[in-house]
Amino acid sequence: MHGYLIGSQPTFWRGETNGDYWGFTTIKRFGFKADNLNNSSFTPSQSLQTSTINRIIEGAAKPGTLVQLVSGNDNLIFGEILVDSSGIYRFDNVPINSQNYRVLLYANGQLTSTPIEKKPIFLSLPGQLTQGTSSLIVSSGMNRETRNNDFFGDLNNVRGGVAYRHGVTDSLTLGGGIIYDQSLLGLGEVFYQPNNFPFKLAVSALKVPDKFKYNANLEFRPSSQLNLNLSSNEQFQSFNFNWNAAKFLSINSSGNNLNDIINLGFNVNQNIGKISTYSSLKIDNKQQLDWNSNLRWRNLSARASPTGIGLELNYEGSIFSIFKLPEKENLILSYETNNSSNKHNSLLTLKWKYQSPYINQRRLWDFDLGYGISSQGSGLLASVSTFFIPGLSLRLRYDGISMTSDTTSYRLEIGSVVNFSPNLRFGDSQSESLRSEGGIFIQPFLDKNNNGIRDNNEEIYTQDMELLLILNNKKFNPSLATITKQGVLFKVPVGIYRLDLDPAGYPLDWKPVQNAYAVEIVAGSYITISVPFVASYTLAGTVKDAEGKPIVGARVEAIDNTKSSFASITNSSGVFYLEQLRQGTYELKVNNKSVEPNRMTINSDSPTLQELNLKLPNP
């Protein structure tokens with residue numbers, strides 16, 4: 001199996017040169033398959049990790065900064081953190097099979113200000129190949145430096161490298177390579193994960209002139225509720241501890257050597273009816289207190305922190321129905337305050353947001369238009385994103401006002417999303433990455449046209465997964481899987497599995513085409529299971545004789561074109577219910593005799609509950 005990347009990309013080594021790396025990278029895999037999931041971002045350093053689909057994103061920012069982790073394609077928010085006194089933000093268990101990520105930093109927690117964008121720095125979790133398998137990566141390119149008035153920048157300084165990784169045993173993987181980055185460098189890697197012990201270790205070292213650069217990660221997870229992670233390189237050491245003490249309560253602690261700060265805190269997450277709340281509190285060894293609280297009820301969300309409050313009312317529906325726009329429209333009313341620097345600033349905004357349907361797993365258009373009134377003045381707010389040009393993402397943002405300034409600002413962002421692989425289309429965002437464990441990717445969807453294939457306008461169904469999925473007679477555990485807008489992904493050991501669908505998790509008025517699947521998992525690959533749900537219709541009514549009297553205990557049948565029969569027995573009032581009917585034409589019978597009417601047709605425009613009274617003709 002091969003993987004290819006052309007264009008702007010991270011290096012698979014920790015480089016010595018500033019600026020972007022532009023070049024060509026290929027990975028050759030020996031002895032195993034890579035998974036082929038949608039929305040995968042091809043990053044060489046991530047693709048060389050194989051035992052997990054999750055990563056850590058970590059960085060430094062000024063305390064009080066609000067950090068958002070968003071998708072590079074449609075600005076979907078995957079995580080949000082208010083930086084505490086440690087000055088470190090950290091997103092754990094980030095699935096790399098999702099879209100390319102962007103890290104946005106909002107100074108003083110002001111969401112209405114123009115954020116500073118940083119490239120995400122992935123910290124690799126330990127991983128190894130299985131015994132006897134291996135991979136080879138080759139990369140070559142040049143450094144690109146941009147200047148103030150030069151859009152394309154200058155290409156200089158040839159860079160590149162070759163690295164090889166081999167599974168010595170199922171517990172130990174070793175790697176090595178040669179890099180040229182201003183000088184000739186040596187690369188060494190060790191991945192160790194013993195069987196039957198919850199310990200993982202990954203060490204990568206680069207020999208540069210006069211010193212070593214290294215990156216080490218150690219993870220100890222004695223149970224699904226308890227986790228300790230240690231990270232270290234030549235300049236930075238940190239630890240993170242998390243304990244899920246209860247279903248709604250987690251206790252955590254973190255620290256680093258940059259400012260000798262150690263935090264201790266807890267998170268509370270509760271759902272009460274249709275109200276969901278999330279609150280966190282932290283105190284450090286210098287007696288600084290950080291807290292934030294979030295609440296969501298129906299279309300209303302609210303948040304509060306020491307620096308201010310925020311309120312948002314989000315209505316989803318067809319606002320400008322005259323245009324009959326497909327997919328998704330939102331009308332968003334929000335209000336924010338900020339009390340930093342001994343000043344009280346506020347901003348009230350009203351925005352209309354539109355997202356077009358997915359094409360090749362990404363939205364072609366995403367734009368919003370609105371108006372803002374702040375303590376500094378008022379002005380127009382607008383942004384637009386598109387993937388209209390294959391291989392390029394374009395994003396334009398205009399701010400006529402902000403919470404702290406009445407100065408107009410705008411920004412144009414252009415990104416490369418070109419991937420080449422034998423199984424990929426030009427400009428597609430899916431890619432292959434290495435895996436050493438098997439897994440299942442389940443994609444339930446509402447098959448509106450009843451053709452068994454998911455079309456672009458058909459909705460992915462990921463609600464109530466803990467009720468819907470049963471694997472080998474065990475209920476699905478959401479904490480052990482990754483639920484994305486494209487489906488549900490989780491790892492399982494190699495073997496043959498039975499997947500059942502529990503009716504308790506069916507979407508209302510829909511049912512699956514089949515309710516059980518046999519799945520064989522092979523090491524190093526993920527099996528995709530497409531689960532179409534078709535509309536489920538109910539026919540209700542009464543059965544009467546020729547004189548108009550209800551018939552008790554009569555057998556009512558609806559027989560489709562395949563001669564499949566759906567039956568019901570009338571109650572003491574002559575009422576029957578025929579449930580779980582599909583689209584099609586049915587012949588109606590009572591006690592195996594023809595009735596009036598004797599046929600009915602269900603199509604896509606039919607209501608899910610229909611009333612039809614039946615009458616036996618004169619004998």
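Visitor: Which strands, in which order, make up the open sheet that includes β34?

Guide: The order of its four strands is β35-β34-β38-β40, and the pairing is antiparallel. At the edges are β35 (474–475) and β40 (516–521), each of which pairs on one side only. This is a predicted model, where local features need pLDDT of at least 70, side-chain atom pairs count only at pLDDT 80 or more, and totals for chains, interfaces and linings use all residues. Residues are numbered from 1 along each chain as its sequence is written, and side-chain values use heavy atoms, with hydrogens and water left out.

Visitor: What makes β34 and β35 count as paired?

Guide: Two strands pair if DSSP finds at least two bridges between them. L471 stands opposite K474 in β35.

Visitor: Which other open sheet has four strands, and what is the angle between its neighbours?

Guide: That sheet has the order β5-β4-β7-β8, with antiparallel pairing. Its edge strands are β5 and β8 (116–118), each pairing on one side only. On average, neighbouring strands of this sheet are turned by 25 degrees against each other, direction ignored. The axes behind that angle are lines fitted to C-alpha atoms (for helices over the stretch in contact), and angles run from 0 to 180 degrees between N-to-C directions. Three bridges connect β7 (residues 101–106) with β8 in the antiparallel sense, and V103 stands opposite K118 in β8.

Visitor: Why is D84 called buried?

Guide: Buried means under 20% relative accessible area, exposed over 50%, and partly exposed in between (1.4 Å probe, protein chains only). D84 has 5% relative accessibility, so D84 counts as buried. Its place is in the loop between β5 (77–82) and β6 (88–95).

Visitor: What does D84 touch, and what counts as touching?

Guide: A contact means heavy atoms within 4.5 Å. Leaving out residues up to four places away in sequence, D84 touches P63, N263, K282 and D290.

Visitor: Where do the strands β19, β20 and β21 pair?

Guide: Strand β19 (residues 261–272) pairs with strand β20 (residues 275–284) in the antiparallel sense over 10 bridges, and N263 stands opposite D284. They form a hairpin with two residues between them, where G273 in the turn has a positive phi of about 65 degrees. β20 also pairs with strand β21 (residues 289–297), antiparallel, over nine bridges; I283 stands opposite L289 there. That hairpin has four residues between the strands, and Q287 takes a positive phi near 60 degrees.

Visitor: What makes Y506 and F533 an edge-to-face pair?

Guide: Rings of Phe, Tyr and Trp (its six-membered ring) pair if their centres lie within 6.5 Å; planes under 30 degrees apart count as stacked, over 60 as edge-to-face and the rest as tilted. Y506 and F533 are 5.8 Å centre to centre with 75 degrees between the planes, so both conditions hold. The pair links distant parts of the chain, 27 residues apart: Y506 lies in the loop between β38 (495–501) and β39 (510–512), F533 in strand β41 (residues 526–535). Y506 is buried at 17% relative accessible area, and F533 is buried at 0%. The structure holds 10 aromatic pairs, and W352, Y354 and F367 form one aromatic cluster.

Visitor: Why is the charge of K207 said to sit over the ring of F212?

Guide: The rule asks that NZ of Lys or CZ of Arg be within 6 Å of the ring centre and within 35 degrees of the ring normal. The charged end of K207 sits over the F212 ring, 5.6 Å from its centre, so the distance falls within the limit.
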